[in-house]
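Look over the sequence and the model before reading on.

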Amino acid sequence: MEAFVCTSVVQLLCRTVKLAWFDSEAPRAIVDEAKALMERGSPGHYLLALKVLAMLVAEVNTATPGRTLTAHRKIAVSFRDLCLLSVFKAALVALRQLLDNRADAKLKEQGLTLALSCLSFDFVGTCLDDSAEDMSTIQVPSSWRGLIEDPSTLQLFLDYYAASSPPPSKLALECLVRLASVRRSLFSSDVERSKFLNRLVNGCRDILRAQAGLAEHHDNYHEFCRLLGRLKTNYQLSELVRFQGC
């Protein structure tokens, strides 16, 4: 099947699932079915499953023409509460496996696209236009706290940036921009927030020291500037300068 045909079929599937979300339990099984598809092991199945999940998140996050905003938000909130965390966990597991197995760049790109779609989700219904990506604070649910505070989550995207070139490296930086934007109240304590910021600042410092992927790739340079800007917006200068080695 041609790639554009596969994309159209997946879009149709995701739109159908969204419109039938409250009709029965069956449409909600798509996440588990996609995860089962990933377990089959072949690159083709893996890529298809990642594409289905990424396009499902994007579809649920986008208002459907001809449907009311209230109906859209009801589905989005239900999906957020029932499935989104599971999808993000699946994305992280897939990314770790793909990085360890030195998988094809196309698979890595699709895995990063899925993670970015999850982190870009309109969690509280405040991003209703094209300026959504410029929101300075992301209202990640409290149920995500453990994943965000886990050092391996942030390190995973730093590792992807270091090990790849655009488009995967650019997507990894976009994920880091989203992580730098999570709300302050998500963290269980100021100590955990400081640890998170320390890891992020050290990662940015290492990229600057090595100039890795910045001079030769303008997409990386642009996203890295956005990351630095988001740090400046979401954290006070006194917080940024207290870390050793920076």
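## Ground rules

Contact means heavy atoms within 4.5 Å. Helices (H or I, at least four residues) are DSSP runs, numbered from the N terminus.

This is a predicted model: local features need pLDDT of at least 70, side-chain atom pairs count only at pLDDT 80 or more, and totals for chains, interfaces and linings use all residues. Residues are numbered from 1 along each chain as its sequence is written, and side-chain values use heavy atoms, with hydrogens and water left out.

Gln110 lies in helix α5. It counts as buried because its relative accessibility is 14%. Buried means under 20% relative accessible area, with exposed over 50% and partly exposed in between (1.4 Å probe, protein chains only). Neighbours within four places in sequence aside, Gln110 is in contact with Leu47, Leu50, Lys51 and Ala54.

Lys51 belongs to helix α3. At 15% relative accessibility, Lys51 is buried too. Not counting residues up to four places away in sequence, Lys51 touches Thr7, Val10 and Gln110. Cys6 sits 45 residues from Lys51 along the chain, and their C-alpha atoms are separated by 9.6 Å.

## Helix α3

Helix α3 covers residues 43–60. Of its 18 residues, 13 are buried, so α3 is mostly covered. The 18 residues should span 26 Å at 1.5 Å a residue, and the end C-alpha atoms of α3 are 26 Å apart, which agrees. The expected span is 1.5 Å times one less than the number of residues.

## α3 against α5

Helix α5 covers residues 105–119. It packs with α3 at an angle of about 25°, with the axes 9 Å apart. That makes α3 roughly parallel to α5. Angles under 35 degrees count as roughly parallel, over 145 as roughly antiparallel, 65 to 115 as roughly perpendicular and the rest as oblique. Axes are lines fitted to C-alpha atoms, for helices over the stretch in contact, and angles run from 0 to 180 degrees between N-to-C directions.

Residues of α3 in this contact include Tyr46, Leu53 and Val57. Those of α5 include Leu107, Thr113 and Leu114. By class, the contact of α3 with α5 has 10 nonpolar, 4 polar and 2 charged residues.

## α3 against α2

Helix α2 covers residues 30–38. The axes of α2 and α3 come within 7 Å and cross at roughly 155°. That makes α2 roughly antiparallel to α3.

Ile30, Val31, Ala34, Leu37 and Met38 are the α2 residues in this contact. Among their partners in α3 are His45, Ala49 and Leu56.

Conventions:
Helix = DSSP H or I, 4+ residues; strand = E, 2+ residues; numbered from the N terminus. Nonpolar A, V, L, I, M, F, W, Y, C, P; charged D, E, K, R; others polar.
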